[in-house]
Amino acid sequence: DACLVINIYSWNFRSFRHLRILNNMAISGKLWDSVLDAADEEFKWAVSRAPASTQTYIKPISKLFSLGVARFHELCSGNEWLDFLMEDESVKIIQELDAKLVLFLRNFCNDVEAMMDILPYYSS
């Protein structure tokens, strides 16, 4: 259904100014619900098929995206939809991702440093 609605919208757009219609939740709210749900499912599927080393970094982002989609569905309640980033579960996911990225950078720097120690001994 979402794909059909997007096709209908795309045929009616004559300029980028018409894209502002998509910002009007009264007109396109159900469209965004469907598109975000589909994107969330596709993202989860792609992450599940990714190699384990890639999942280490992508899985937390996928969880945050899913939380964002769930929060988007609450948009009509009048809350700011990005408030979910301040909730305990989101903070925990962000901290987990941050720790993984810091560990990756430390290991990368150690590898570069080890390489630089060995590199001068190779003749050019």
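Which residues make a nonpolar surface patch of about 650 Å²? The legends below take up this patch and its surroundings. The model is predicted, so local features need pLDDT of at least 70 and side-chain atom pairs count only at pLDDT 80 or more, while totals for chains, interfaces and linings use all residues. Residues are numbered from 1 along each chain as its sequence is written, and side-chain values use heavy atoms, with hydrogens and water left out.

**View 1. The nonpolar surface patch.** Phe104, Leu105, Phe108, Val112, Met115, Met116 and Leu119 make the patch, which covers about 650 Å². Patches consist of residues with over 30% relative accessible area and no salt bridge; nonpolar side chains (Val, Leu, Ile, Met, Phe, Trp, Tyr) are joined within 5 Å, like charges within 9 Å. A salt bridge is a side-chain nitrogen of Lys or Arg within 4 Å of a carboxyl oxygen of Asp or Glu. Accessible areas come from the Shrake-Rupley method with a 1.4 Å probe, and for residues only the protein chains shown count as cover. Val112 is located in helix 4 and is partly exposed, at 31% relative accessible area. Partly exposed lies between buried (under 20% relative accessible area) and exposed (over 50%), with a 1.4 Å probe and protein chains only.

View 2. The structure holds three aromatic pairs. One of them joins Tyr57 and Phe104 edge-to-face, at 5.8 Å centre to centre and 75° between the planes. Rings of Phe, Tyr and Trp (its six-membered ring) pair if their centres lie within 6.5 Å; planes under 30 degrees apart are stacked, over 60 edge-to-face, and the rest tilted. This pair links distant parts of the chain, since Tyr57 is in helix 3 (residues 52-72) and Phe104 in helix 4 (residues 88-118), 47 residues apart. Helices (H or I, at least four residues) are DSSP runs numbered from the N terminus. Tyr57 is partly exposed at 25%, as is Phe104 at 41%.

View 3. Phe108 is partly exposed, at 46% relative accessible area. Together, Tyr57, Phe104 and Phe108 form one aromatic cluster.

**View 4. Asp40 in helix 2.** Asp40 belongs to helix 2 (residues 25-49) and is buried, at 8% relative accessibility. Leaving aside residues up to four places away in sequence, Asp40 touches Phe65, Ser66 and Val69; contact means heavy atoms within 4.5 Å.

Note on methods
Helix = DSSP H or I, 4+ residues; strand = E, 2+ residues; numbered from the N terminus.
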